[in-house]
Amino acid sequence: MGGSLWLEWKIALRFLLDNYLQTLLILVGITVGCAVIVFITALVTGLQSNVIARTLGTQAHIRMLPPDEVNRVLPAPPGVLALDLENPRPQRLRSIGNWQAVRDVLDRQPEILAVSPMVSGPAMGRRGVARASVALLGIDPVRYLRVVPVADELIAGRFEIGAGHAVIGKKLAEDLGLELGDKLRLDAGEGREAVVDVAGIFELGVRELDARHVYLDLKQAQTLLDLPGAVTVIDTTVADIFAAEDLAVRLARLTGLKAESWMATNGELLNALRSQTMTTQMIRVFVGLSVAFGIASVLAVSVVQRTREIGILRAMGSPRGQILRVFLLQGGLLGLLGSGVGGGLAWLLVQAFNRFGARLFEILVEPTLIPGAMAVATLTGVLAAAVPARRAARYDPAVAIRYV
Amino acid sequence: MSESEEVLRLAGVCKVYNPGTPQETEVLHGIDLRLARGELSALIGPSGSGKSTLLNLIGLLDSPSAGELYLLGRPTRELDDAARTRLRNEAIGFVFQFHHLIPAFSVLDNVLMPLMIRHGKPGAEDIERARGLLAEVGLEGFAAKKATELSGGQQQRVAIARALVTHPALLLADEPTGNLDTRTAENVFELFRRFNAQFGCAVLVVTHDPRLAAGCPRTVELVDGWIVGGADRASGSP
């Protein structure tokens, strides 16, 4: 009797409109539920991508370091029981062996976007009587700026490090009372000293970096740290940031170096992000469940209210499947309508947040979010309607028609 | 009466409720009954005599425990729910005591409902037929009104139009005048007589009202699940 759902649509819409107060109430419920789900998803996605962007904006995704020095113990001759007392070796500043070759190997990895060899070590910064401990970073500026775009964060001067120039952090400049063009004396110990001009001052927004980092030319830093021709770290950025740990393991095997991914060094952050994602997921599931039960209970009531009408339709020759579809459609329609309005509401909330909120970060609603939520809500509505719809379809028409 | 004219035949139809339990009750005991095309019959009997059960069986809303029920010559006892449902739509029109219109729909949509169930969106011809029937029952001006805006008698007339819109072979009416005043009841019953003559369908009216029963050419009386009068003139049994 008819392949089209014309009558099913007509009856479903009539039933919903006829009981408009009930329909309106459940629609408000679905709308609020969907708005909460969409808004919280957009908020957390925005927050997380912001946190990740900030964290990774100031550090390499994977750092390649020389392997730790370990004690080598001679094996005891056979038949002798050796008891070893071992002290851990001090980890002196060492070069990565054959680092040019390692750099070239890393350059050829398709997953790696940028490679920056660097020599890095401790020193004392002095100006007059003021002293501060600093970290010397001897870099190749073209390569380094592709890993950490410090040049974008300059608040004064230029990013220029050749010929006795240095770029320092804002906090260090404040601590030592330095301005552009001022001289900074760097003392790396054992009589190795240099005086550099402050060519630029940056502010990365991370206190530790702003107070300690001093960018120098690679050659000058190598001399100061007494590591001629050496680099101590190779920084890289990768295409897929969440694959960094797997890639680090692979690179460590490939190069024989120690490879630290941002995920390993920021375990706490990653943990926080994961628990945040899990919390959001739970909120979504529970709000979704309550919406589903709301739809189911309203339709269950509606099926009872419509008992006699279902009986009449069945007596007039309406097949069980038709009755089933009428109620499934109502569930789907409620889900679709409620989520459409809810999605719109969430979008407005996001706009309001971006315009009037604390402006800590911007939330972007991904284009798939609202259509996706509507699809899920429609499906949820149909599924929620399944139990009441089956009940309606199984009514005995002879009994249902006499239901008062 | 020839086979082609036979709309309905019941052969030894029994109905047992709750079979195999202590509450087992046999409501109908071997009913034999024939209805011919164009026949107008009244089914009478006291409360509890099994009238409603019999009507449910004839209307294919329920199936007999024993015996066979032939509708338009087809045996129906073994049919599954889907086939019985289709046969209901094709061959049977129902009129119930409480008219049973669908309140959410307009009067016209209510009349069209059996056709919409059959083939979806109604065509111009369907709408014309429904409007024609509404005119026949004197309600042509009420097509767009909600069913609930009509009086009881008017609603019952809409229900009759709805039952006839598919041109069924068999029209079943269960106490169609039960909750109407005498004059309205007369009018409604008059419609049955008229449509019976006009469309030539077999009409079976269940009624308590002896005056209405007297207006029918044939009366079937049911007492305690047995037919005691007018059962089957063709076969000559009492």
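Start by selecting Asp140(A): this residue sits in the loop between β3 (130–139) and α4 (141–147) of chain A. Helices (H or I, at least four residues) and strands (E, at least two) are DSSP runs, numbered from the N terminus. The model is predicted, so local features need pLDDT of at least 70 and side-chain atom pairs count only at pLDDT 80 or more, while totals for chains, interfaces and linings use all residues. Residues are numbered from 1 along each chain as its sequence is written, and chains are lettered from A and ligands numbered from 1 in the order in which they are written.

Contact here means C-beta atoms, placed from the backbone, within 7 Å.

Next, pick Ile37(A). From Asp140(A), Ile37(A) is 103 residues away in sequence and 47 Å away in space, C-alpha to C-alpha.

Zoom out and colour chain A by domain: domain 1 covers 6–54 + 270–400, and domain 2 covers 99–256. These bounds come from an automatic or database domain assignment. Taken over C-alpha atoms, the centres of domain 1 and domain 2 of chain A are 54 Å apart.

Last stop: select Ile295(A), Leu299(A) and Val303(A) of α10(A), then Phe327(A), Gln330(A), Gly331(A), Leu334(A) and Gly335(A) of α12(A), to see the contact between these helices.

Notes:
Contact = placed C-beta atoms within 7 Å.
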